[in-house]
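Let's take a walk through this protein together. Have the sequence and the model open side by side as you read.

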Amino acid sequence: FLDRACPLLLDYLRTILRARGLRRRGEADGTDKSKEIATLWEERHEVGAAELHSILEDLGGFYLKVGQVFGIKQDLLPACYTRRLRTLFDQCKADEASYVAQVLSREFGRGDASELFASFDSAPLASATIAQVHLARSRTGQKLAVKVLHKGVRELMERDLANMIWFVELVQERLGLRFNVWDVNDGDGVLRAAGWERIDMA
């Protein structure tokens with residue numbers, strides 16, 4: 001994350017220096033540079049929002065969830081940031097059709113989607129942090145929404161979950177804080193079971 005975030009922070013530092021330079025120039029020659037400075041920041045925020053969105057989307061897992069949280073924080077971030085980050089709710093990168101076909105074949109024991117459904121839309125209707133949704137129609141004519149877990153999401157979420165549990169243990173041990181959660185010593189298995197019961201799907 002830091003490898004990708006540091007260049008973004010450096011660009012903001014450069015923008016701060018440019019804005020200060022414009023302000024001083026305006027003070028020196030008696031001209032109003034406020035509009036020019038505002039435009040400078042608007043452009044920086046637009047580019048920064050696109051860069052942050054790309055970083056979070058590439059890293060996936062926990063970082064996507066963080067992006068979703070900040071996507072609804074209009075009181076904390078410029079509008080261009082929240083506008084971009086809100087797309088992480090249902091416009092994440094989708095897995096390729098060949099992977100979807102493999103998942104369906106593995107889960108249902110059939111050759112391909114044509115053997116399972118009367119129709120199956122290979123282009124996802126939406127793609128979120130954990131899964132993507134495909135529209136389909138059963139052989140009896142019923143409309144279906146088929147959810148397919150993203151490639152590697154199980155391993156990624158297990159790693160993120162382990163990191164969160166480690167963080168909770170660290171805070172409780174070092175700072176003496178206690179949270180109203182499952183017993184951390186036994187939490188790993190409990191959390192894994194509870195989490196995957198809810199999202200374990202084709």
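Predicted model: local features only at pLDDT ≥ 70, side-chain atom pairs only at ≥ 80, totals over all residues.

Residues are numbered from 1 along each chain as its sequence is written, and side-chain values use heavy atoms, with hydrogens and water left out.

Start with the big picture. The protein has eight helices and four strands; here helices (H or I, at least four residues) and strands (E, at least two) are DSSP runs, numbered from the N terminus. Along the sequence they come in the order α-α-α-α-α-α-β-β-β-β-α-α. Out of 202 residues, 32% count as buried, where buried is under 20% relative accessible area, exposed is over 50% and partly exposed is in between (1.4 Å probe, protein chains only). Take the contacts with a separation of 6 or more: 52% of them are between residues 24 or more positions apart, with contact meaning heavy atoms within 4.5 Å.

The axes of helix 1 (residues 2-29) and helix 2 (residues 34-59) come within 10 Å and cross at roughly 180°. Those axes are lines fitted to C-alpha atoms, for helices over the stretch in contact, and angles run from 0 to 180 degrees between N-to-C directions. The two helices are therefore roughly antiparallel to each other; angles under 35 degrees count as roughly parallel, over 145 as roughly antiparallel, 65 to 115 as roughly perpendicular and the rest as oblique. Among the residues making the contact are Leu8, Tyr12 and Leu22 of helix 1, along with Leu40, Trp41 and Leu52 of helix 2. In the loop between these two helices you'll find lysine 33. Is this lysine buried or exposed? Lysine 33 is buried, with a relative accessible area of 17%, and it touches Leu22 and Gly26, not counting residues up to four places away in sequence.

Next, the inside. The largest nonpolar core has eleven residues, including Leu8, Tyr12, Leu52, Leu64 and Tyr81. A nonpolar core, by the way, is a set of buried Ala, Val, Leu, Ile, Met, Phe, Trp, Tyr and Cys residues joined through side-chain atoms within 4.5 Å. Helix 1, helix 2 and helix 4 (79-85) are the elements that give two or more residues to this core. Zoom in on tyrosine 81: leaving out residues up to four places away in sequence, it touches Tyr12, His45, Gly48, Ala49 and Leu52. There's also a second, separate core of ten residues, Tyr99, Val103, Leu104 and Phe117 among them.

Helix 3 (residues 62-70) has Leu64, Gly67 and Gln68 as its buried residues. Seen down the helix 3 axis, they fall within an arc of 100°, so they line one face of the helix; the arc is that of the directions from the helix axis to the C-beta atoms. These buried residues pack against helix 2 and helix 4. Lysine 65, also placed in helix 3, counts as partly exposed at 39% relative accessibility. Beyond its neighbours within four places in sequence, lysine 65 is in contact with Thr129 and Ile130.

Finish in strand 3 (residues 131-137), where leucine 135 lies. Leucine 135 is partly exposed at 41% relative accessibility, and its C-alpha is 6.3 Å from that of valine 146, eleven residues apart along the chain.
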